[in-house]
Amino acid sequence: DSLTLLVLLAKLRDFYPAPFELCAVTIDMGLGMDLSPVAELCRELDIPYECVRTEIGPIIFDYRKEKNPCSMCAKMRRGALNEQLKKMGCAKVALGHHRDDAVETFLMSLLFEGRISCFQPVTYLDRTGVTQIRPMLYLNEQQVIHFADAQNLPVVHNPCPADKHTKRQEIKDLIYRLGADYPDIKDRIFGAMQRLPL
């Protein structure tokens, strides 16, 4: 998702009427990822690249032995990212969430928290002074995957021990099963979110 977003923004920069600068940031969770292909892509796109090394993975899995690691991991990664943005003087961060992420987040909030909620396309964070944008919110996951494949993007394998064993994955699987009987279920849910307006 992030690599697709990076390439799209790099290409947009070439003709967008208001000039903007790009830099790429990876939060390395300390799980042994080889990010050199990402650094090489950034060099090709003429985008400065920062890799922030952390011990988030070992803290969560080895030290704390979290049963449900995703929530804490997300908070720690957000904190590390916000700290890096502050150091770099960035006022805006583009996140690679797509339409499927929004639908899954909506259902997770509904089923696990009993509330109707989702992230916004644009969010201003008062504590950090950073604005989050999600430029790919109207693309679906398959479009993102097809683009990444067609462009031969250097997708790095996620070594997280919780990968594919999360609440988000449960919701993904649920939507997949429901899709067998209701093929347009994601479109319906996303449309309802827009009409709320959420």
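**Close-up views of a predicted model**

At 17% relative accessibility, Thr 26 counts as buried (buried is under 20% relative accessible area, exposed over 50%, partly exposed in between; 1.4 Å probe, protein chains only). The model is predicted: local features need pLDDT of at least 70 and side-chain atom pairs count only at pLDDT 80 or more, while totals for chains, interfaces and linings use all residues. Residues are numbered from 1 along each chain as its sequence is written, and side-chain values use heavy atoms, with hydrogens and water left out.

View A. Helices (H or I, at least four residues) and strands (E, at least two) are DSSP runs, numbered from the N terminus. Leaving aside residues up to four places away in sequence, Thr 26 touches Leu 35, Val 38, Tyr 49, Glu 50, Cys 51 and Val 52 (contact: heavy atoms within 4.5 Å).

**View B. Buried and exposed faces of helix α2, residues 36–45.** The buried residues of α2 are Val 38, Ala 39, Leu 41, Cys 42 and Leu 45. They lie on the same side of α2 because they cover an arc of only 160° around the axis (the arc is that of the directions from the helix axis to the C-beta atoms). An α-helix has 3.6 residues a turn, so residues three or four places apart point the same way. Cover for the buried residues of α2 includes α1 (2–13), β1 (24–28) and β2 (49–53). Arg 43 and Glu 44 are exposed, on the face turned away from the buried side of α2. Asp 46, which follows α2, has a positive phi, near 60°.

**View C. Edge-to-face pair of Tyr 16 and Phe 20.** Rings of Phe, Tyr and Trp (its six-membered ring) pair if their centres lie within 6.5 Å; planes under 30 degrees apart count as stacked, over 60 as edge-to-face and the rest as tilted. The count by this rule is two aromatic pairs. For Tyr 16 and Phe 20, the ring centres are 5.9 Å apart and the planes are at 75°, so the pair is edge-to-face. Both residues are partly exposed, Tyr 16 at 43% relative accessibility and Phe 20 at 26%.

**View D. Edge-to-face pair of Tyr 138 and Phe 190.** This aromatic pair has 5.6 Å centre to centre and 90° between the planes. Tyr 138 is in the loop between β5 (130–133) and α6 (141–150) and Phe 190 in helix α8 (residues 185–195), so the pair ties together parts that are 52 residues apart in sequence. Tyr 138 is exposed, at 58% relative accessibility, whereas Phe 190 is buried, at 9%.
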